[in-house]
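Have your viewer ready and try each task before you look at the solution.

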Amino acid sequence: VRRSIGFLSASTGLYARLTPRETLRFFGSLYGLADEALDERVEATLRLFGVTEYADRPNDRLSTGMKQRAKLAQALVHSPELVVLDEPTNGLDPSGREEMLALVRRLSSELGIAVLLSSHVLEDVTRTCDAVVVLREGRVVTAGRRGRGDGSGGGRSMCASARAACPPVQVGSCASEPRFFPCRDDRALHR
């Protein structure tokens, strides 16, 4: 099961003294990649996430955006079927945020990787995900699917979890994102 899942945590950092290339080699080897297959996968992942230019710079000398890209590459070096992304745009400036969201969309649309995105930023969720589950205090507030053709997931369903996204909810309304889907009473989801 572990080989089929990748994980990017908002709180987990990179080993400061390692470079992105060394980090990918280390994590790729943990997932059973070796020799030429490991080298090829590391280089392909560095290129895919635009980290090649910084691949030999120590992680502690990377910008926040480059660290996030390196962490995403680390989560995907072993080609998982599912990747869990916890706040992937955390700490990024507007252009870095746009780049990260574009990378997340590519995971699903071009690479066929299922994505579970956890974020409190509803704009990121609505622009990136095909299916959404909104949680408040650990309980489902609402769930829904987006229509196709919006450029978000490219046919491979993506799920999202937005924590504390809605205030206490009245059935049929969600002030934080009314155009996306209506909130509903979560009791029906727990029968």
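**Exercise 1.** Work out how exposed Tyr15 is, then classify its ring pairing with Phe26.

*Solution.* Keep in mind that this is a predicted model. Step one: Tyr15 has a relative accessible area of 47%, so Tyr15 is partly exposed, as this lies between 20% and 50%. Phe26 is partly exposed too, at 36%.

Step two: the structure holds three aromatic pairs. In one of them, the ring centres of Tyr15 and Phe26 are 6.1 Å apart and the planes make 85 degrees. Centres within 6.5 Å make a pair, and an angle over 60 degrees makes the pair edge-to-face.

Tyr15 sits in the loop between β1 (5-8) and α1 (20-30), while Phe26 belongs to helix α1, eleven residues away.

Step four: look at Phe26 and Phe27. Their centres lie 5.1 Å apart with planes at 85 degrees, so this pair is also edge-to-face. Phe27 has 17% relative accessibility and therefore counts as buried. Together, Tyr15, Phe26 and Phe27 make up one aromatic cluster.

**Exercise 2.** Compare the span of helix α4 with its expected value, then find what covers its buried residues.

*Solution.* Step one: α4 (residues 94-109) has 16 residues and reaches 22 Å from first to last C-alpha, close to the expected 22 Å.

Step two: list the buried residues of α4, among them Met100, Leu103, Val104 and Leu107. Residues three or four places apart on an α-helix point the same way, because there are 3.6 residues a turn.

Step three: the cover over the buried residues of α4 includes α2 (35-48), α3 (64-76), β2 (82-86), β3 (114-118) and α5 (122-128).

Technical notes:
Residues numbered from 1 in each chain as written. Predicted model: local features only at pLDDT ≥ 70, side-chain atom pairs only at ≥ 80, totals over all residues. Heavy atoms only, no water. Phe/Tyr/Trp six-rings, centres within 6.5 Å; stacked < 30°, edge-to-face > 60°. Helix = DSSP H or I, 4+ residues; strand = E, 2+ residues; numbered from the N terminus. Buried < 20%, exposed > 50% of the residue type's maximum accessible area, 1.4 Å probe, protein only. Expected span 1.5 Å × (residues − 1). Contact = heavy atoms within 4.5 Å.
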